[in-house]
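Please look over the structure shown here before reading on. The notes after it are meant to be read alongside the view.

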Amino acid sequence: MAHRLLPEWHPQDAVQLTWPSPESDWAPLLERIEATMEAMVVAIARYQAVLIAVPNAATRSHLAQRFACLGVEVDRLRLVVAPADDTWARDHGPIGVERDGETVLLDYVFNGWGGKFEAERDNTLTHRLTDGGTFTCPMDAHDLVLEGGAIDTDGEGTLLTTEACLLNSNRNPDMDRAALEARLKVDLGITRVLWLANGHLEGDDTDSHVDTLVRFCDPATLAYVRCDDPADPHYPALSAMEAELRALRRNDGEPYRLIPLPWPRACHDPEDGHRLPATYANFLIINGAVLVPAYGDAADSRALAALGEAFPGRDIIPIDCLSVIRQHGSLHCLTMQLPQGSLANQA
């Protein structure tokens with residue numbers, strides 16, 4: 001395929017993170033989220049490099065010393081000063097495609113999930129990293145609003161997404177389904193779009209990003225959130241989503257292999273009690289491993305086992321994400337993989 005959207009299991013140069021600032025919404029939880037992200041960096045650096053956008057030079061110096069103490073090899077860590085509004089690299093980071101054998105990164109517009117949050121610095125972060133010489137491959141800027149967490153791919157021309165997000169009037173109001181599909185086919189090299197009409201998590205700010213609900217594990221396998229509690233308010237929509245998944249067909253006409261992920265007990269914000277979007281679908285695939293969000297729940301071990309079945313031959317690594325869901329995201333939301341051939345050599 002001359003032009004294709006790269007799947008997450010494609011070989012990677014690095015994983016991109018955006019470090020939280022004391023001036024951000026993370027301020028009350030700063031120590032906790034930093035500890036979580038430290039654990040993520042240590043885990044990822046065992047397999048590949050980590051690129052971290054940091055708010056200032058002092059943070060860069062501190063993190064360099066901190067990760068040296070934690071045993072992270074210096075050639076596995078890239079710290080770049082590039083202030084941001086928030087930490088969600090999945091949605092303000094670049095999206096990797098392959099064109100005629102060459103890696104290309106695409107920089108889309110990020111508008112704070114439909115104008116819900118300030119996003120001016122997030123939206124320009126990829127451009128600033130590019131101007132700073134961080135990337136070695138071509139970077140194409142696009143005027144379309146699109147977040148990485150809103151889409152997933154099998155790497156073979158299929159795009160999976162949700163109607164609630166991509167067709168929301170707060171993203172690209174002048175484009176209907178047909179126009180959006182046509183645009184994505186040109187930009188991403190996809191040949192078809194699988195639209196999910198159902199599925200939502202309480203506490204989610206993204207209008208049902210697919211990476212909170214359903215994920216490709218390989219071209220024939222989907223792992224998905226399954227609610228098995230009829231008394232839970234999520235049960236109707238997630239059951240309807242499960243029925244949709246059972247009806248989907250691969251390019252060859254065969255049904256997908258479906259791997260249900262367990263339903264953790266309800267997590268609530270300790271201050272005002274609203275429900276938080278705990279999901280095991282928000283895992284991260286890296287070279288040789290899969291990082292899986294954990295919530296201190298009995299279902300954690302079942303989720304690890306299910307994803308071990310989905311990813312034979314890869315290490316399955318739990319990361320405590322109770323702090324992350326306090327800001328309505330999880331592990332995958334904090335990251336963006338950078339495909340092989342995208343990261344410039346360390347100066």
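This is a predicted model: local features need pLDDT of at least 70, side-chain atom pairs count only at pLDDT 80 or more; totals for chains, interfaces and linings use all residues.

Residues are numbered from 1 along each chain as its sequence is written, and side-chain values use heavy atoms, with hydrogens and water left out.

- Helices (H or I, at least four residues) and strands (E, at least two) are DSSP runs numbered from the N terminus, and two strands pair if DSSP finds at least two bridges between them.
- Three strands form an open sheet in the order 8-9-10 with mixed pairing, and its edge strands, each pairing on one side only, are strand 8 (151–153) and strand 10 (192–196).
- Strand 8 pairs with strand 9 (residues 158–162) in the antiparallel sense over 3 bridges, and D152 has L160 in strand 9 as its bridge partner.
- Helix 7 (residues 177–188) lies across strand 8, strand 9 and strand 10, and runs at about 130° to strand 10; contact here means heavy atoms within 4.5 Å, and angles run from 0 to 180 degrees between N-to-C directions, with axes fitted to C-alpha atoms, for helices over the stretch in contact.

- Strand 12 (residues 221–225) and strand 13 run parallel and are joined by 5 bridges, with P260 in strand 13 as the bridge partner of Y224.

**Crossover unit**

- Strand 17, helix 9 (residues 299–310) and strand 18 make a right-handed β-α-β unit, where right-handed means that, with the strands pointing away from the viewer, the path from the first strand over the helix to the second runs clockwise.
- Strand 17 (residues 289–294) pairs with strand 18 in the parallel sense over 6 bridges, and V292 stands opposite P318 in strand 18.

**Pockets and cavities**

- On a 1 Å grid over the protein atoms alone, a cavity is a set of points where a 1.4 Å probe fits but cannot get out, a pocket is an open set with protein on both sides within 12 Å along at least five of seven lines, and lining residues have an atom within 4 Å of a point.
- Grid points are joined across faces, edges and corners, and a volume is the space filled by probe spheres set on the points.
- The largest pocket holds about 200 Å³ of space, and among its 19 lining residues W88, D205, Q327, H328 and G329 lie nearest its centre.
- The second largest pocket has a volume of about 160 Å³, and helix 1 gives the most to its lining, with 4 residues.
- The whole structure has 5 cavities of 30 Å³ or more, and the largest cavity, with about 220 Å³ of space, is lined by 19 residues, of which L5, L6, R90, I95 and Q337 lie nearest its centre.
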